[in-house]
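Subject: Structure handover

Hi,

Here is the structure we talked about. Please load it first, then read my notes below.

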Amino acid sequence: MTLHIDLQAIVANWKALAAKAPGARAAAVVKADAYGLGAARVAPALYQAGARDFFVALASEGRALRPHLPDDARINVLSGHMEGADLTGLVPVLNSPEQFFRDRAMRPGKPFAIQLDTGMNRLGMEAGEWSALRAEALAAKPDFIMSHLACADEPDHPANAVQLASFRAMTDDCGVPRSLAATGGTLMGPDYHFDLVRPGIGLYGALPFAEAQPVVRLSLPVIQTRTVQPGEFVGYSATWTANAPRRIATVSAGYADGVLRSISSKGVSLYAAGTACPIVGRVSMDLITVDVTGLADVPGELDLICPEQTVDRLADHAGTIGYEILTSLGHRYDRTYL
Ligand SMILES: *Cc1c(COP(=O)(O)O)cnc(C)c1O
């Protein structure tokens, strides 16, 4: 089970997104182990390419990443300063007055950033909290002030302009670097770029960065093949029955590996050098069954993610988004980097 990860494609995608925001610094979001692809490999490759600003969700992720990056790389923690977190060498993005006071009491003089809520109502200080705190917060010199867009994958969504106006109203006279855009916002033009853009998913080759280079190939080994006769079924709950003699390959990977069970019976295929081989029957925990009747020779491996079936196509079939496909891939694959 091999997850082939093209680090040079990740670097190329980072550079392409950075070039869309020439007036801003480009950070790299590497939370959830770089969207499942391995932050310990992805972040150093991006550092080498010039990235100095990294984002993780949790202090524990930041602690794990810290030894892989030189000291001048800033690792920002989006969940901020949670009770008991070890933030040594990290920059918490403080999300509430409570986090601000906790952090300043425990880490006086240490770097921090501020997140404001501009409408998503998920993380960040609300306008009223910010106006009460801002004099004291600005006096403590935050690295930057950020907010996050809820609808940046839909550039015409009216919430984008509303959030932009709200962010401006809360920060225009702060004199502190600002950050609003993730991948979607980076693609929405200079109004959204401010001083620091924070792309994640676009680095990893998925929408909304339609021009991204593909990053992932997922190759799954065939364990055995058999011929099933008309009337015989395959897999749990007997959901698929052969209507003619079919050659079935049993492939190693299942829903425990992020091959979502919801793609069962949806016409999703694995690919043998470009030839589609439909998944038949249910995806089980560790195994998939595939109709390889159309192949003259069954290769040792079949691909689930490849140029013929991108992360986003697979996500469509599963009723989800590329983010969830990537972050579900799990720990049983050999991750190999090129
Ligand atoms: C995940 C996240 C990002 C990156 O978003 P993408 O859509 O993957 O580019 C940026 N900022 C915040 C606050 C996030 O939570």
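First, the annotation. UniProt, in an unreviewed entry, puts the feature "active site" at Lys31 and Tyr236. Keep in mind that the model is predicted. The annotated residues are spread over 206 residues of sequence. They are spread in space as well, with up to 35.1 Å between C-alpha atoms. Of these residues, Lys31 is included in the lining of the largest pocket. Lys31 belongs to helix α2, which covers residues 31–35.

Next, the ligand. Where does the ligand sit? The largest pocket holds it. The ligand is surrounded by 14 residues. Closest are Lys31, Tyr35, Thr183, Ile201 and Tyr323. So what is the make-up of the shell around the ligand? Eight of its residues are nonpolar, three are polar and three are charged.

- Oxygen: an oxygen atom of the ligand lies 2.5 Å from an N or O atom in the Thr183 side chain.
- Nitrogen, with Arg198: a side-chain N or O atom of Arg198 is 3.0 Å from a nitrogen atom of the ligand.
- Nitrogen, with His148: a polar side-chain atom of His148 is 3.5 Å from a nitrogen atom of the ligand.

On its own, the ligand has 390 Å² of accessible area, and the protein covers 91% of that.

To recap on Lys31: UniProt lists Lys31 under "active site", and Lys31 is among the closest residues to the ligand.

Best wishes

Conventions. Residues are numbered from 1 along each chain as its sequence is written. This is a predicted model: local features need pLDDT of at least 70, side-chain atom pairs count only at pLDDT 80 or more; totals for chains, interfaces and linings use all residues. Side-chain values use heavy atoms; hydrogens and water are left out. A residue is near a molecule or strand if one of its heavy atoms lies within 4 Å of it. A polar contact is a pair of N or O atoms within 3.5 Å; within protein, one must be able to donate a hydrogen and the other to accept it, and residues adjacent in sequence count only if both atoms are side-chain atoms. Accessible areas come from the Shrake-Rupley method with a 1.4 Å probe; for residues, only the protein chains shown count as cover. On a 1 Å grid over the protein atoms alone, a cavity is a set of points where a 1.4 Å probe fits but cannot get out, and a pocket is an open set with protein on both sides within 12 Å along at least five of seven lines; lining residues have an atom within 4 Å of a point. A molecule sits in a cavity or pocket if more than half of its atoms lie within 2 Å of its grid points. Ala, Val, Leu, Ile, Met, Phe, Trp, Tyr, Cys and Pro count as nonpolar, Asp, Glu, Lys and Arg as charged, and the others, Gly among them, as polar. UniProt positions are given in the numbering used here, feature names are shortened, and annotations may be inferred rather than shown by experiment. Helices (H or I, at least four residues) and strands (E, at least two) are DSSP runs, numbered from the N terminus.
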